[in-house]
Amino acid sequence: MEYITLKGTKDGVTIVLSDEETFEKILLELKEKLIKTKSFFSKAKNNLLITGRIMTQTDRLELEQTIMSILPDNTQIDYQEGVCAEKVNQDEPADYTMFFEGTLRSGRSVESKGNIVVIGDVNPGAEIVAKGNVIVMGVLRGTVHAGYPNNRNAYIIALNLAPTQLRIADIITRAPDNEVRKHITTEKAYLKDDTIYIDEYLNKI
């Protein structure tokens, strides 16, 4: 199984890293792929976009050193953790809560090693990734991954829960196609017996 995907774009190359394998194996496979495709990079725009995996600053440094040891010196490296991640402190404690105020628009993402509270809406095409819980004080229409990567006690709460995709730990659910919601109320998504359940949430957030 391959854990790295290279995608050519008009602006350069996007490298998608899997989050289902250790960083050491990811790094080894990336090195092998870059060596095999080195001639391609000499002709293409050397703009690399790294996405698909949450990395520490140490991981990023090691990744960049590997890339620059193989590719030309003019290679530019940028990161999108998820879609387009807000930068977070990698030293956050597990019980840390990150607050994001405003609308999270398509193409943006916020990530945290703790909990995330969004005071606003989450539009389709936006993404939230948290190791803890996610609370949206507005309409949730985007993608949310709570309990990343394996916290099965995490939950998701929204004043209006109409997501593109919900994920808690390793379990994923999607909104039914063409669903019309007649009754809108605050709801909570949680994991039980390998299934994501959504119930009306009566308590105050």
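Is Asp 170 buried, partly exposed or exposed?

**Before you start**

This is a predicted model, in which local features need pLDDT of at least 70 and side-chain atom pairs count only at pLDDT 80 or more, while totals for chains, interfaces and linings use all residues. Residues are numbered from 1 along each chain as its sequence is written, and side-chain values use heavy atoms, with hydrogens and water left out.

**The whole chain**

Show the cartoon: there are 3 helices and 15 strands. These are DSSP runs numbered from the N terminus, with helices (H or I) of at least four residues and strands (E) of at least two. Of the 205 residues, 44% count as buried. Here buried means under 20% relative accessible area, exposed means over 50%, and partly exposed lies in between (1.4 Å probe, protein chains only).

**Stop 1: Arg 152 and its partners**

Asp 170 is partly exposed, at a relative accessible area of 45%. Asp 170 and Arg 152 form a salt bridge, with their closest N and O atoms 2.9 Å apart; the term means a side-chain nitrogen of Lys or Arg within 4 Å of a carboxyl oxygen of Asp or Glu. This pair links distant parts of the chain, 18 residues apart: Asp 170 sits in the loop between strand E12 (165-168) and strand E13 (171-174), and Arg 152 in the loop between strand E10 (143-146) and strand E11 (155-161).

Now look at the other partner. Asp 194 meets Arg 152 in a salt bridge at 2.6 Å, N to O. Asp 194 lies in the loop between strand E14 (187-192) and strand E15 (195-200), so this pair ties together parts that are 42 residues apart in sequence. Through shared partners, Arg 152, Asp 170 and Asp 194 join into one network. Arg 152 is partly exposed at 35% relative accessibility, and Asp 194 is partly exposed at 48%.

**Stop 2**

Most residues other than glycine have a negative phi, and most peptide bonds are trans. With that in mind, select Ala 169, in the loop between E12 and E13: its phi is near 55°, a positive value. Ala 169 is buried, with a relative accessible area of 0%. Asp 193, in the loop between E14 and E15, also has a positive phi, of about 55°, but Asp 193 is exposed at 64%. Then find the peptide bond from Tyr 148 to Pro 149, which is cis with omega near -5°; Pro 149 is in the loop between E10 and E11.

**Stop 3**

Which residues touch the most other members of the largest nonpolar core? Select Val 122, Ile 128, Val 134, Val 136, Leu 140 and Ile 156, out of 26 residues in that core. A nonpolar core is a set of buried Ala, Val, Leu, Ile, Met, Phe, Trp, Tyr and Cys residues joined through side-chain atoms within 4.5 Å. Centre on Val 134: leaving aside neighbours within four places in sequence, its contacts (heavy atoms within 4.5 Å) include Ile 116, Ile 128, Val 144 and Tyr 155. Apart from this core lies another of 18 residues, among them Tyr 3, Val 13, Phe 23 and Leu 34.

**Last stop: helix H1**

Finish at helix H1 (residues 23-36). Its buried residues include Phe 23, Ile 26, Leu 30 and Leu 34.
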